[in-house]
Amino acid sequence: MLIGGFKTNPEDLAYKKSFEIKNKRWQTCGVISIEKFRLKPRIDYVKYMDTNMEIDVTLAIDFRLSNQDPKLPTSNHYITEKQRSLYETAILALQPLLKKYTTNNRYHVYGFGAKKKETFEDLYPYFSIVSIFSFNQNLTSNYILSLTER
């Protein structure tokens, strides 16, 4: 059974040692004492990234059938001369943010779930669906230098 409560903030918790407990009618029905209070600062993502930390940016694009045939307008990969795919739109929208955190301007871009093409024949001779592949088809240096508009 709840007999009452109190409202406070971190600053008051740090400096006050006791608080009155009030009931529903705002009558004092007790006192709570704070013996020790410590506020641990919480660093948000932006502040954390402002510490000059470098990260590698890695993108993965899903080519599984759940995204539908790229020739269909309902596909996430559907592209026309006037329209980008949903993946292109998302990546280009994130590029200004991602660029801040990669000092070498290299983006690792992978695809997964695609049917293999002739060019992958020597790398993946026994599979008709490639689990994961580098977008630039170079396994030793698998990055691209920029995410540019087409």
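Strand 3 (57–62) and strand 4 (107–112) run parallel and are joined by 6 bridges, where helices (H or I, at least four residues) and strands (E, at least two) are DSSP runs numbered from the N terminus, and two strands are taken to pair if DSSP finds at least two bridges between them. The chain passes from strand 3 through helix 3 to strand 4 in a right-handed β-α-β crossover; a crossover is called right-handed if, with the strands pointing away from the viewer, the path from the first strand over the helix to the second runs clockwise. Within this pairing, T58 stands opposite H108 in strand 4.

The model is a predicted one, in which local features need pLDDT of at least 70 and side-chain atom pairs count only at pLDDT 80 or more, whereas totals for chains, interfaces and linings use all residues. Residues are numbered from 1 along each chain as its sequence is written, and side-chain values use heavy atoms, with hydrogens and water left out. The mean pLDDT (the predictor's confidence in each residue, from 0 to 100) of the protein chain is 78, and 83% of its residues reach 70 or more. Confidence is highest in strand 1 (residues 18–22), with a mean of 91, and lowest in strand 6 (residues 129–130), with a mean of 68.

Y87, I91, Q95 and L98 of helix 3 are buried (under 20% relative accessible area, with exposed over 50% and partly exposed in between, for a 1.4 Å probe and protein chains only). These buried residues pack against strand 3 and strand 4, contact meaning heavy atoms within 4.5 Å.

Strand 4 also pairs in the antiparallel sense with strand 8 (residues 143–144) over 2 bridges, Y107 having I144 as its bridge partner. A further antiparallel pairing, again over 2 bridges, links strand 4 to strand 7 (residues 133–134), where S134 is the bridge partner of Y110.

Strand 1 and strand 2 (residues 28–33) pair antiparallel over 5 bridges, with F19 opposite I32. The two strands form a hairpin with 5 residues between them, and W26 in the turn has a positive phi of about 60 degrees.
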